[in-house]
Every structure is written in structure tokens, then in C-alpha cells.
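I opened my notebook for a first look at this structure. Here is what I looked up, entry by entry.

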Amino acid sequence: MAWEYRACTKGRHQLNQPDATSSPPWLDAILHHASSLAVIAIGADAHIEFFSPGAQRLTGYDATEMRGCSPERLFAPEAFSTWQEEAASAVVVFRTLAETAATKCVPLMCKDGSRRSVQLSVSVWRSADSSTGYLIVLSDVTAATEACRTLARHYALFEDGPAVAFACASGEPDRIEEVSPNVWRLLGYAPETVCSPGWWPAHVHPVDRPLLAAPAAEVPPGSALPVRRYRMLHADGRWLWVAEMRQQGGDGRLHGYWRDASVQVDEQARLSKIASQISGVLYQLRLYPDNRARFVYASDGFERLYGMDSRRLAEDAWVLFEVIVPEDLPRVQASLRRAADTLTPWRCEYRIHWAGGVRWFEGFSMPEPMGDGSVVFHGHNLDITDRKLTEEALEQSRQRLELALESAEIGLWDWAAANDRLSYDNRLARILEMPGGSDAQGPGEAGIDAWKRLLHPDDAPAVEQAWRNHLAGRTPLYEAEYRLRHPRGGWKWLAVRGRVVERDGAGQPLRLIGVAQDIGVRKRADLALKDSEAHFRALFQSHHAVMVLVDPQTGCIVDANEAAVAFYGYPRARLVGMSMSQINALPQEELARRLRDATAQKHNHFVFGHRLASGEHRIVEVHSSPVESGGRTVLFSIAHDITARHRAEEALHTLQRLLQAVIDNIQAGVLMENDLGEVVIVNQLFCRLFGLDVAAESLLGSTCADILDPASRLFDQPERFVQRVKEVLAARALCAQEEWALRDGRTFERDHIPVEINGHYRGALWVYRDITQRKAQEMELRRLATTDALTGLPNRRSFMERLAQEFARFQRFGQPCSVLMLDIDHFKHINDTYGHAVGDLVLQGLSTLCLRNLRLTDTMGRLGGEEFAVLLPGCDELDAVEMAERLRTSVMEAGFPYQDLQLRITVSVGVASFEAGQDDMDAVLVLADKALYAAKRAGRNCSRVSRGDRNREREDSHA
Ligand SMILES: Nc1nc2c(ncn2[C@@H]2O[C@H](COP(=O)(O)OP(=O)(O)OP(=O)(O)O)[C@@H](O)[C@H]2O)c(=O)[nH]1
């Protein structure tokens, strides 16, 4: 059969069958190989005429088997009835479809009984004989239908479910690329609107937008982002809280969903409100078996309370423990662990370091076991710092009160009217030495009457009166001081105060409480005070010192003792009441100022001039202090007459000035050091002597050692000077007129005078005098005293001293020594001839000539007139004779010029030597003189020797 296929308009196809047995080869190929294309041709008789291979594969029926069969066999009965009521047969359906060019999805009944979904499209075809049939094309859409169904189910799920699914564009987390249709239900927008560029950021609440700037694109595949809550603008204009979850999808895009979070946000807000209403913070702490801990929930104030980031605590709750005070930490950890183990409530008070200080917290928590072995604590933490401080303050107050009561020995008592019982505490029991205890009763007594029986009879009426007055409400306090009989005998003084604290409806007292204090000491002190006042009065009156009490307000004397009456000379009655201005010489205003100063205790020591009744003026030293007397302040003044002392002081002052003038003007450098070596007196001359270019006053107070060191360098022997100062000071001995040579040629004379007052060493006075001039004068005098004025030779006295020295040396060491006596021959003739002055010149010339011939060790002296003596140490007799001859010859040969003359003279010489056995030096002079006489006698111009008896006195002649 041949088929002719023509495309027709209006959805109609035409398959011509020129020959039912033949068909074009390409059509066969198509029908055979297009396996998914099932084609069925139905003839005009509504039976299958053609059943393509694809149809065979789709239905499982063979073509031969189906040819001639009704096509309804292939479809389930309800396949068409559900679509069209009147579609009683498939043919009617086919016709309709063909006419409308529609397709229909219908269930297909396969040969094996299974059902498949097929897409049915129908065309009308007309055969060669012009009969009309239908060409049915079936497409297997079972899988697609199933997928659609699934999708529909999913959509239905979304459609009905609360979540709106969305997917972001790849790499653009802010751009929604796809969204489930139910977005209109959540936000009121069509999906296409939501997917338009820039929609999402523009519809997030501006306040929440900065919080959403998370790097969502960097999330690894499969991992989810934390759920975020934010507000989105609903199409109706309101802001809707949504919870958003995103996760990285396998396609590289972010997938997520939004959910209406209004309820949760409202709930959370409500919870926060509740949490904010209650003091403290709420939390859920989860402890894991592996010792991890994290805060699952923490109310708003948590961060503020602990000063910690709640996100950090949500990751690791243990960081909170870092701020707990170390001493409290073990207790907190142990109690928490115990509560977790025993699942019992946790309650703990602990401190945390907070903002530079420490705060107290109270934690209360209920543990709840979880399925994974962890425990969740539902807890409440409260800042109890204020409570703790209050408690501490309360405790301190209690302790202070206790201490105060204890130290003041104050006991408490309590009277109950109902049973008329008086109870007292331990302290009061101790005070009264009664059996102690707050409930204890008096010994053998019960009730207030028993107590009253212990009262001292003298005090009982007043106590009773005070008690009744207070119970009757006439006094605000019950106060009394009374004596109570002591168990050991004697009386105990008590001060008692109390107050009714409870009354019945009729105003009758029900309870009275109070305190009692042992005032024995005070009472004794009062007595002692009375005694002491009496003593003071007696002392005041009888004291020999002048005492007055002055009213500082009026300046009047309010009391005066006998000594004052005697001193001022006024009758007592006049003195008391007299104004001090009548006595004191100060101007009235000045006196008032002094009285004010004394009252304010600015000054209490004054020196005044007081006028006596006799008109005499006295200097008084007044000590004035405020005292309480008779409920007012008066000045208690003691006056001492210091007129004599004042005069003595003035005299002393004058003396001091005089002394200073003396020291300043004395012609010596004066320095006094005290026993500590400090300068207490020094004058300017001292500074001048020692070259100190300072004012003398500036040295006062400095140590002498400081002055001594530089001063010592002025002396020839500095070390010796310093040493000597020390020696002298140590010896505390008077040393006068020590002479000290200075390097500059001056000589100082120094006195050291140790100063003792009343047998006590007070220091040393050093007096330095510059004696340089005096020393020079002395030297000159000395020189004049020992030198012959005419010849400059040693005079007789000086020669004799020199002779004595040599005689001593001879006696000690036996050293030889000789003496020459030399006398000018006929000198009188020279004088007489040429005059005395020429004689003087001759004498001088002779001296010069002889000295020229003598040794340095020899001494030539003029003994008087024209008589000379020569001392020759180390010369024995022979040497002396030789020297005598040398001198004689020299003189003889010399000429002494006078005008144009040469005067010639000769000398006679006597020689004598020290001899052993001589007892005095005069002997040698006598011998020499004797020898001289011998030389004169021998005719002059010669020398002679004379010896003592032991040496067979004789005279040797020479020349
Ligand atoms: N010019 C002078 N004459 C003096 C000085 N002292 C004594 N004469 C004199 O010395 C003389 C000593 O005389 P006489 O004692 O008689 O001795 P003489 O004349 O030297 O005779 P002979 O000693 O016997 O040789 C007297 O005329 C004295 O006046 C003096 O200081 N100057």
C-alpha cells in the first residue's frame, strides 16, 4: 500500500495511500527508525489500519495484531471521558482534536498492562478513495509527565509551604536570578519582579542593609551561611522580617530561601522585653561531654553585663571564665560541674573583673540533659554588686555597732508588758555580773518589780517617775541614771535609756526596749572632776603666781587670786570686774586684738607693760589660754613680773653690744669656736689677717676646720701649725703668745684661751696679733744691746755671752779655746793730738783691720775704750800667740789715713787659753788681761802669754 503524505493547512495532514500495500521508501525508513514516533492510522471504519514500528515498541502490540482493532483498546476508558463528557468514543475525540489541531496527553494501556503517558496529536487523512480516516501520532511523555507531576508536587509544596526558594546569579550574591512563585505570597511580588536586576538590595531595609554585606560569594560549595534576619519591603508597603538561609549550590550559585520571621522576631522582641524587665540576664549554656561549652542564647544585656562579645561567647563560653576573679573561679567551675553531673540546680555567687573594678554576680541555672550527652543550663545571672555592697556595709555597720556597744559596754534590755518580764543580753548580764543570756532573768527575780528592788533607795523615786512618765507617753524617752545593787555587794552605776516600741489599741505600752551603760567610770570621773575643781580652786587662790580670769568679750577680770590682788595693789572687790585696759599699757584696740588671739589660741605668750595701783609700771610675761568656766570661755592668764629680768636682759643686751664693739675694734684677730668646733664669734680683723675676703658674719656657724685648712697654707710650717692647733685644742690648755712665722714675712702671735663656764668646756677663743713690726723693733733693740755702736763689734756683754758658750763647750768636750786682750798703745796721744773724732776713726779702722785677719768662727769684741778682746775657738796657746802676732804686726804695718797723713799705731796683746781645771770663764780673761799688762810693761807693741797656776804661770814674751 502506498502512502501519500501532504502537509495541509489548519493542522490537517493528509496521508494519501495510492496503494495500500506500497509506501514511499523514505516514509518506511522514517516510520521504522523514528523509534519515538508512534504513528497509528485509523480508517473510516474507525479501525486501525496502520500501526507503525514506533507504535509497536511503545505499546508492546504487534502491528498485525492491532490492525483492524479499535484504537480504544489502547487507551484507558477514563482517558477521554474526563476530558469531554460526550466523548464516548475515541473516534469522537480524534475528530475533535483533528479539527482543533490540539494535542492531548492521555494514558496509554500497554500490552503488558502498564500505563504510559502519551501526547496525542491527530490529523485527518483522506485515502485515495476519498474516505476519511485519522492519523494519530503518539509521543511518549511518561517521563516528562512524571517530572511535571513531581515538579507540580514540589511547586505545590512551595506554594503551600512557608519558604520562598531563590537562587542568586553566579558570583552575584545580591542578584536574585530565580525565585519560587510563592514569593508573591510572602512579599507580594511576581517572581519576574524579584528577579529583575538590583531588586533585592533595593528592597532590604536601609538599617539592615549594612549588616548583610557578608562575602557570600566566597562560601565553599555545600556549606551554609548563618541564618540572617532582616526586613524586606512588602509590595503593600510594610516591612516584613524574613529569615534568610543561603548555601553554596553545586552549580556555583548561591541557593537560599526566605521565610517569614515576623513571628520569631516578635517572639524574640517579647522575650527581650521580658528579659529586659527582669533584672539580670537570661541565657542558655550548653556543656558538651568533650568539655566544650557555648552560650546557645544570651539576652540583650549579656554583653553589657560581662563586657564580652556575645558572638564570642556563642562559640566558646569558657572565655567568660577568664574574667571571673581567680579566687572564685575554682568554686564556680566545681559547682557548675557538680550541677551538670547531678542535674541539680546551680546557684553560685562570684565576682568578675569589670571595667577596672570588681562586681558581684549571682548565677542561678537549671540543668537539662540533652540526647547527645550535653547539658543545657537555663539560667539567670544577676548583678548583685549593690546588694553585696549593702550587705557588706550592713555587716560593717553591724560590726561597728557591735564594737561600739562592746567598747562602750552598752547592754540591751527588753521589757514585755504582757508578762512583765525584763530580758537582757549577755553584755548587760556581764556588766551586772548576773547570769548571762538574752533570755536570762535576774538572779532569783522575775519581772520589772524584781529589777526595781535592786535599785538604790535614793535613786528609786526618780527612776520610778521617769518610767511612769514615759509609759504614759509624757516623755519621748525613758532616761535615768541610777545605782543597782551588785550581786557581790556595793552598787553599780548605770545610765539607762529606752523607748516604747509597741502599744495596744488603747495606747497601753506592750513593749519597751532600751540600752544600759555602765557609767561607774564616768561617775567616778565626775567625782574626781569635782575634787579636781576644788583642788584647782585652792591652787588658784593660793598660788604665788599672779593669776586672773579674763572675759575675752568684755576684757574684764572675772576672777583673780590673792597673788594678783597683792601684785596689782587693788582691793579684790575692785580688781574683779576691772577692765584689763586699766592695767595694760597697750592701746585698747591692740589689747582687744591680743585677747582675741589668745582666745583663738593663735598666741598665748605675751609681754605686756602693766600699771599697778601705786602707779608703778612693771613688765609682765603673761601666759593666757582659753578655758571653759561656768559654761563660757574665759582666758586663764598667769602673769610673771619680769621687770628685773627685763632690765637684766637689757643690760645683757647692752653688754653684748659692747662686747661686739670690743671684738670689732680690738687690734687682734679674734675667733671663738664652740665645743662643736663651730665659729660663734669672729671679727673682721681676723678675716683681714688671714686674707679672707668675706664679711666676718658669714663665717658664723661654719666649722673652724674649714677655715683652718686654707689659713694654714699662709704659715711657714703649715703641718706644724695644724698639728699645734689640734694639740692645743685637745689639751684645752691656755697657750699665750705663741709666735708663728708666715711665708710673706709676717709674724703672728697667737693666744689660745679655753673657755669654761660653770666648769663646763664651752669652746676656745683664738686671738691672733700681727707682731711683725714689734719683732723688727725687738731685733733692732737686741742688736743695739749687744753691739758696740762705734765699731759694730759685739760689746762686752755680747762678747761675754759668746765666751760663756765656748767655755761651756770646752768644759763638755775639752775643745781648746784661747782669748786675746788687745789694747792700743798710747791712744791718748792720738786723741790728744788729732782729736777724739780721729781717735774714733782709728778705733773703727783697727776693728776692720783685725776682723779681716780673723776667721769666721772667731769673735772680736770691744770691751771698752780702746781695749778689745778676741775669742779664738779651737785655738790652743800656740795658735793664739800666732794670731796675736799676726794682728799686732798687721796693725803696726797698717797706716790709718787722716787727711793727708797715715797715722801709725801699735797694739799690745795679752794671750791666755782655757785650761783644764778652770772653774769659771773669768779666769781666762784675768790671765789675758794679766798678759796684756805684761806686754805693756814690756814696752808695748808686743804680745805676752799668761797661764794659770797649774800650768806654772808664766809669761812668754813675743816680739
Ligand atoms: N777717741 C776716743 N778715745 C777714747 C775712747 N775711749 C777711751 N778713749 C781714750 O783712750 C785713752 C786711754 O788712755 P790711757 O788709759 O791713758 O792709755 P794710753 O794712752 O793708751 O796709754 P797705754 O795704754 O798706757 O799705752 C784716753 O785718753 C781715753 O780718753 C773712745 O771711744 N774714743
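Before starting, I noted that the expected span of a helix is 1.5 Å times one less than its number of residues. Helices (H or I, at least four residues) and strands (E, at least two) are DSSP runs, numbered from the N terminus. This is a predicted model, in which local features need pLDDT of at least 70 and side-chain atom pairs count only at pLDDT 80 or more, while totals for chains, interfaces and linings use all residues. Residues are numbered from 1 along each chain as its sequence is written, and side-chain values use heavy atoms, with hydrogens and water left out.

**Entry: helix α21**

I began with α21, residues 588–599. Its twelve residues should span 16 Å at 1.5 Å a residue, and the end C-alpha atoms are 17 Å apart, which agrees. Next I looked up which residues of α21 are buried (under 20% relative accessible area, with exposed meaning over 50% and partly exposed in between; 1.4 Å probe, protein chains only). I found L591, L595, D597 and A598. I then checked for cover by contact (heavy atoms within 4.5 Å): the buried residues of α21 are covered by elements including β23 (546–551), β25 (605–611), β26 (617–629) and β27 (632–641).

**Entry: the residue after α21**

Q601 follows α21 and sits in the loop between α21 and β25. Its phi is near 60°, a positive value in a residue other than glycine. Q601 counts as exposed because its relative accessibility is 58%.

**Entry: helix α25**

I moved on to α25 (residues 718–731), whose 14 residues reach 20 Å from first C-alpha to last, close to the 20 Å expected. Which residues of α25 are buried? They are P718, F721, V722, R724, V725 and V728. These residues cover an arc of only 160° around the axis, which puts them on the same side of α25. The face turned away from that buried side carries the exposed residues E719, K726, A730 and A731. Among the elements covering the buried residues of α25 are α24 (704–712) and β30 (735–741). Just after α25, R732 takes a positive phi of about 50°.

**Entry: one more positive phi**

I also looked at N941, in the loop between α31 (922–937) and β39 (943–946). Phi of N941 is near 50°. Is N941 buried or exposed? At 18% relative accessibility, N941 counts as buried.

Note on methods:
Arc of directions from axis to C-beta.
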